Amino acid sequence: MSARHDVVIVGGGLVGASLAIALDRLGRDVALIEATPLGDVPAVFDERNLSFAAATVNALTALGVMQRLRNPTGAIQRIHVSRAGDFGRVLLSAQDYGRSEFGQVVVARDFGMALEDALADCRHLTRYRPAKFLDLAAAGSGERVLRVGTVEGEVELTTPLLVGADGSNSMVRGALGIGAERHDYGQRLFVARVRTSRAPDGTAWERFGNDGPTALLPRGDRHHGLIHGVPEAQAEAVAALDEAAWLAHAQAAFGWRAGRFLASGPRSAYPIIKVLAERLIAPRAVLMGNAAQSIHPLGAQGFNLGLRDALTLAELIVEHDDPGSDALLADYLRRRQPDRERTLRFSDGLARLTSNDAPLLRPLRSAGLLAAGQLQSVQSMLVGGAMGFAGDVPALCREAAP
Ligand SMILES: Cc1cc2nc3c(=O)[nH]c(=O)nc-3n(C[C@H](O)[C@H](O)[C@H](O)COP(=O)(O)OP(=O)(O)OC[C@H]3O[C@@H](n4cnc5c(N)ncnc54)[C@H](O)[C@@H]3O)c2cc1C
């Protein structure tokens with residue numbers, strides 16, 4: 001079997017699904033290829049807590065996705081950053097920037113179901129699912145031809161624009177011959193829902209310890225989302241802790257600012273590896289989301305950045321007749337590179353502040369945090385990152401839908 005589509009998106013995760021919804025509004029004939037069987041959301045929509053920047057909330061509201069969430073979201077009104085063992089701290093309040101909130105906390109599973117609802121209403125979208133991108137075939141026409149494995153057998157798809165949104169280990173990236181730089185932070189990140197004696201009050205807490213970062217996010221269900229990083233060498237021991245010991249361990253790392261840790265939901269764990277594609281485009285192809293850059297989750301920027309990738313591409317497709325032309329891809333690169341570089345600097349900077357303790361660096365890190373409390377430029381970087389409005393952002397991010 002074979003078919004042709006204006007755009008073929010490989011990967012129906014957070015970014016690929018969002019792009020498919022955005023392109024459907026433009027009436028484009030789009031195919032979305034996702035390996036996960038119908039009836040379940042892809043595994044990436046798990047219990048992780050996602051911080052959506054205000055710009056992301058605006059865009060997902062305009063796309064009609066936020067309205068489909070089934071559970072309440074948690075507003076982030078303040079960000080508090082501190083380091084164990086020193087007095088420096090940064091407290092940012094959205095009010096000081098003329099806003100009611102920096103963003104919202106959404107549980108990934110809930111978001112996956114909302115996206116699924118929105119995808120089901122798309123009128124111009126063809127979904128291949130379960131279907132797996134296998135390889136690129138030689139193209140005589142100048143367009144991209146890809147081989148896709150489905151339960152009915154192999155399908156050959158032709159398109160003027162192939163989008164690789166297939167995550168960190170992107171097969172599309174490999175098939176395009178684009179290399180990737182990898183960096184293993186040597187950390188494992190544990191994520192769980194915790195009940196604390198003080199209910200969330202709109203503060204997102206980031207605490208840097210000698211062994212790694214601990215953050216508490218204000219969820220909408222009167223729980224906090226706990227994120228706790230440990231050196232890889234300690235990961236098995238932390239995974240083996242029973243609930244009481246796990247709560248005591250996390251409490252010791254975080255402190256008492258949110259009261260006593262009372263109960264924890266199941267823990268999920270993630271190795272932290274940065275993967276950066278060496279190029280974002282190839283003839284008639286573009287990489288986005290984690291396929292283009294998988295970054296340290298601590299800055300909570302991965303999806304926010306990937307959504308801006310997707311919405312920028314959708315805007316350019318409106319402006320250009322040929323969705324995969326060299327001119328469009330050059331415009332894409334010009335618009336996306338500054339945001340990508342800024343966000344990578346931001347998340348690398350945070351990761352460095354939290355990395356495993358090197359005694360000689362420790363005073364510098366404390367000084368860095370104190371300086372962050374004073375320096376306008378560092379604060380505006382934190383705020384710009386948190387809200388997602390810095391630079392040339394897509395129009396849908398700018399204004400909340402009426
Ligand atoms: C613990 C944790 C917390 C995080 N918190 C935040 C946060 O607060 N804010 C934020 O913005 N980001 C956060 N992130 C990052 C965010 O999860 C990622 O940026 C996001 O998942 C990237 O989406 P994606 O669609 O590019 O890739 P993915 O979500 O990985 O999706 C890729 C999709 O492609 C499919 N696929 C793969 N290979 C194939 C193939 N060959 N054929 C067909 N389909 C295929 C997969 O099944 C999957 O559905 C966090 C990440 C972690 C690990």
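Tutor: Two strands pair if DSSP finds at least two bridges between them. Keep in mind that this is a predicted model.

Student: Over how many bridges do strand E11 and strand E12 pair?

Tutor: E11 covers residues 144–150 and E12 covers residues 153–159. Thr150 stands opposite Gly153 in E12. The two strands pair in the antiparallel sense, and the count is 7 bridges.

Student: In what order do the strands of the open sheet with E11 and E12 stand?

Tutor: This open sheet has 4 strands, and its pairing is mixed. The edge strands, each pairing on one side only, are strand E1 (2–4) and E10. Neighbouring strands are turned by 30° against each other on average, direction ignored. The order is E1-E12-E11-E10.

Student: Which strands stand at the edges of the open sheet of 3 strands?

Tutor: The pairing in this sheet is antiparallel, in the order E4-E8-E5. An edge strand here has a single partner strand, so one of its sides is left without a neighbour in the sheet. That describes E4 and strand E5 (74–76).

Student: Which residue in E8 stands opposite Ala75?

Tutor: Start with the strands: E5 and strand E8 (residues 103–107) run antiparallel. They are joined by 3 bridges. Opposite Ala75 stands Gln104.

Student: At about what angle does helix H3 run to E8?

Tutor: H3 spans residues 108–120. The helix lies across two strands, E4 and E8. Its angle to E8 is about 90°.

Student: How many residues surround the ligand?

Tutor: The closest are Gly11, Gly13, Gly167, Gly289 and Gly302. By class, the shell has 18 nonpolar, 13 polar and 4 charged residues. The number surrounding the ligand is 35.

Student: Which element gives the most to the shell around the ligand?

Tutor: Several elements give two or more residues, among them helix H1 (14–24), strand E4 (49–53) and strand E10 (131–137). Strand E14 (180–196) and helix H7 (302–319) also belong to that group. The top contribution is 4 residues, and it comes from H7.

Student: How many residues does the largest nonpolar core have?

Tutor: Those with the most contacts inside the core are Val8, Ile9, Leu19, Ile33, Val163, Val286 and Met288. Take Leu19: leaving aside neighbours within four places in sequence, its contacts include Ile9, Val163 and Leu313. Ala165, Ala310 and Ala314 are also in contact with Leu19. The core's residue count is 110.

Student: Is Leu91 buried or exposed?

Tutor: Leu91 lies in strand E7 (residues 89–93). Leu91 has 12 C-beta neighbours inside 10 Å, so it counts as exposed.

Student: What distance separates the C-alpha atoms of Leu91 and Trp205?

Tutor: Not counting residues up to four places away in sequence, Leu91 touches Arg78 and His80. Trp205 is 114 residues from Leu91 along the chain. Their C-alpha atoms are separated by 9.4 Å.

Student: Among contacts between residues at least 6 apart in sequence, what share joins residues at least 24 apart?

Tutor: The chain has 11 helices and 22 strands. Of its 402 residues, 48% are buried. The share of those contacts that join residues at least 24 apart is 74%.

Notes
Residues numbered from 1 in each chain as written. Predicted model: local features only at pLDDT ≥ 70, side-chain atom pairs only at ≥ 80, totals over all residues. Near = placed C-beta within 6 Å. Nonpolar A, V, L, I, M, F, W, Y, C, P; charged D, E, K, R; others polar. Buried ≥ 20, exposed ≤ 12 C-beta atoms within 10 Å, placed from the backbone. Contact = placed C-beta atoms within 7 Å. Axes fitted to C-alpha atoms, helices over the stretch in contact; angles between N-to-C directions. Core = buried A, V, L, I, M, F, W, Y, C linked by C-beta atoms within 7 Å.
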